[in-house]
Amino acid sequence: MPSLHSELPVRSSATETPGFGTLMRQWRRRRGFSQLELAELGRVSQRHVSFLESGRARPSRQMVLHLSELLDMPLRERNRLLHAAGFAAAYRESRLDAPQLAEARHALDLLLRQQEPFPAVVVDAAWNVQLANRAAQRMIGFLLGADLDPAQPLNMMKLPLHPKAVRPYMLHWPDVASALLHRLQREAMDSPAAASVLAEIRTYPDVDAVWRKVDWDSEPAPLLGFSVEKDGLRLDMITLIATFGTPQDVTLQDLRIESFLPANAASEQLLRELAKQVAD
C-alpha cells in the first residue's frame, strides 16, 4: 500500500510535564466536574481529591488509572498523568510498521484498497497523512499539481485551509473552513498535537476571522461536504471518519481513517473515469 509518510512523528521526551495535581485539575475542569462530583463518581472522599490536586497526597498507580478512566482521558494523556505521578507508562506507543501492529496495519491496508476508486487516507492525531490509497494520491496530485512536494508530509487540515494548497479550488470555502475549525477546536481540548495544528492554522490569512465566527455551542455536523473545481472538472464529496473501537496502543488511538465519497452520480463517474485512465 502506498505510504505518503510512514513514520509517526517523534515527540521529545524532554518536554516539560506539569505536576500530577495540576494535570488532574486541568482534566477535571475540562470534563466539567467539581471536586465533589469526581469524588462521588470515583467513590472516594472530596478531601482526598483535594489533597491529590494540591499535592498533599500521593496517588497510587491504580488510583491514577482509575481517575484517568473516569475522566475519559486519551491513552497518551493517561501515560502523561502516570509519568507526572512517578509511574511508568501503562500504554505502549508503537510505530505503525511495528510487528505488534501487523494485524492493525493489514486491516488499514485492506480498508484503503476496498475504498478504491474513491479516496481514503489514514491520519494521526495531528492530521498528518500516514497512509493513502491511490485514489487519494490522484485527487491530491490533481489539485496541487506541481506544488505537491513529496518530501513534505501532507496534512488534511492544512491542505484545505492554506492559501497555497487546495483552498483556491474549494467552493464555499468559508463554510468548509468553519466546519473544519469546529472539529479541530474540539480535538484540541484533548490533544496537544491538534492544539498545535490549530495554532498554526489560525495564522493563515482569513482563517482566524472564520474561527471567531464559529458557533461553538452547536454540534459538529456528522458529515462534512465540500466541492472542489479545477480545469473545468468539479468534485462534490462528503467525508466519513472511522477510528479503532477499543485500542490499547497510543498510536492506534491517534489514528483515523478518513474516506472521501462522491456526493452525486457525476462525481462518482468522474472518479471512476480517472481511475480507469490511470489503469489504462
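Colleague: Where is Arg43 found?

Modeller: In this predicted model, Arg43 is found in the loop between helix H2 and helix H3, which covers residues 46-54.

Colleague: And why is Arg43 called exposed?

Modeller: Look at the number: Arg43 has 80% relative accessibility. The label "exposed" needs a value over 50%, so Arg43 counts as exposed.

Colleague: What makes the backbone of Arg43 worth a look?

Modeller: Phi of Arg43 is near 60 degrees, and that's a positive value in a residue that isn't glycine. His172 is another case: its phi is positive too, about 55 degrees, and His172 is not a glycine either.

Colleague: Where does His172 sit, and how do you know whether to call it buried or exposed?

Modeller: His172 is in the loop between strand S3 (170-171) and helix H9 (173-188). Its relative accessibility is 59%. With the cut-off for exposed at over 50%, His172 therefore counts as exposed.

Colleague: Back to H2. Why are H2 and H3 called roughly perpendicular?

Modeller: The two helices pack at an angle of about 115 degrees, with their axes 8 Å apart. The range for roughly perpendicular is 65 to 115 degrees, so H2 and H3 get that name. The contact involves Gln35, Leu36, Leu38 and Ala39 from H2, and Gln46, Val49, Ser50 and Glu53 from H3. Sorted by class, that's four nonpolar, three polar and one charged residues. As for handedness, H2 passes H3 in a right-handed crossing.

Colleague: How do you know what to call the packing of H2 and H4?

Modeller: H2 (residues 35-42) and H4 pack at about 110 degrees, their axes being 10 Å apart. Since roughly perpendicular spans 65 to 115 degrees, H2 and H4 are therefore roughly perpendicular to each other. Their crossing is right-handed. H2 brings Leu38, Leu41 and Gly42 to the contact, and H4 brings His66, Leu67 and Leu70.

Colleague: Which classes of residue make up that contact of H2 with H4?

Modeller: Four nonpolar, two polar and no charged residues.

Colleague: Staying with H9, why is Ser178 called partly exposed?

Modeller: Ser178 has its place in helix H9, and its relative accessible area is 23%. Buried would take a value under 20%, and exposed one over 50%. Ser178 falls in between, so it is partly exposed.

Colleague: What does Ser178 touch?

Modeller: Leaving out residues up to four places away in sequence, Ser178 touches Val210 and Val214.

Colleague: What makes you say H5 is mostly covered?

Modeller: H5 runs over residues 75-84, and seven of its ten residues are buried. Those are Leu75, Arg76, Glu77, Arg78, Asn79, Leu81 and Leu82. Their cover includes helices H1 (20-30), H4 (61-70), H10 (192-201) and H12 (250-254). H5 is then followed by Gly86, with a positive phi near 95 degrees.

Colleague: Which peptide bond is cis, and where is its proline?

Modeller: The bond from Glu116 to Pro117 is the cis one, with omega near 5 degrees. Pro117 is found in the loop between helix H6 (102-115) and strand S1 (120-123).

Colleague: How many helices and strands does the chain have, and what share of its residues counts as buried?

Modeller: The protein chain has 13 helices and six strands. Of its 280 residues, 45% count as buried. Its C-alpha atoms fill a box of roughly 70 × 45 × 30 Å along the principal axes.

Methods. Residues are numbered from 1 along each chain as its sequence is written. This is a predicted model: local features need pLDDT of at least 70, side-chain atom pairs count only at pLDDT 80 or more; totals for chains, interfaces and linings use all residues. Side-chain values use heavy atoms; hydrogens and water are left out. Buried means under 20% relative accessible area, exposed over 50%, partly exposed in between (1.4 Å probe, protein chains only). Helices (H or I, at least four residues) and strands (E, at least two) are DSSP runs, numbered from the N terminus. Contact means heavy atoms within 4.5 Å. Axes are lines fitted to C-alpha atoms, for helices over the stretch in contact, and angles run from 0 to 180 degrees between N-to-C directions. Angles under 35 degrees count as roughly parallel, over 145 as roughly antiparallel, 65 to 115 as roughly perpendicular and the rest as oblique. A crossing is left-handed if the near helix is turned anticlockwise from the far one by less than a right angle, and right-handed if clockwise. Ala, Val, Leu, Ile, Met, Phe, Trp, Tyr, Cys and Pro count as nonpolar, Asp, Glu, Lys and Arg as charged, and the others, Gly among them, as polar.
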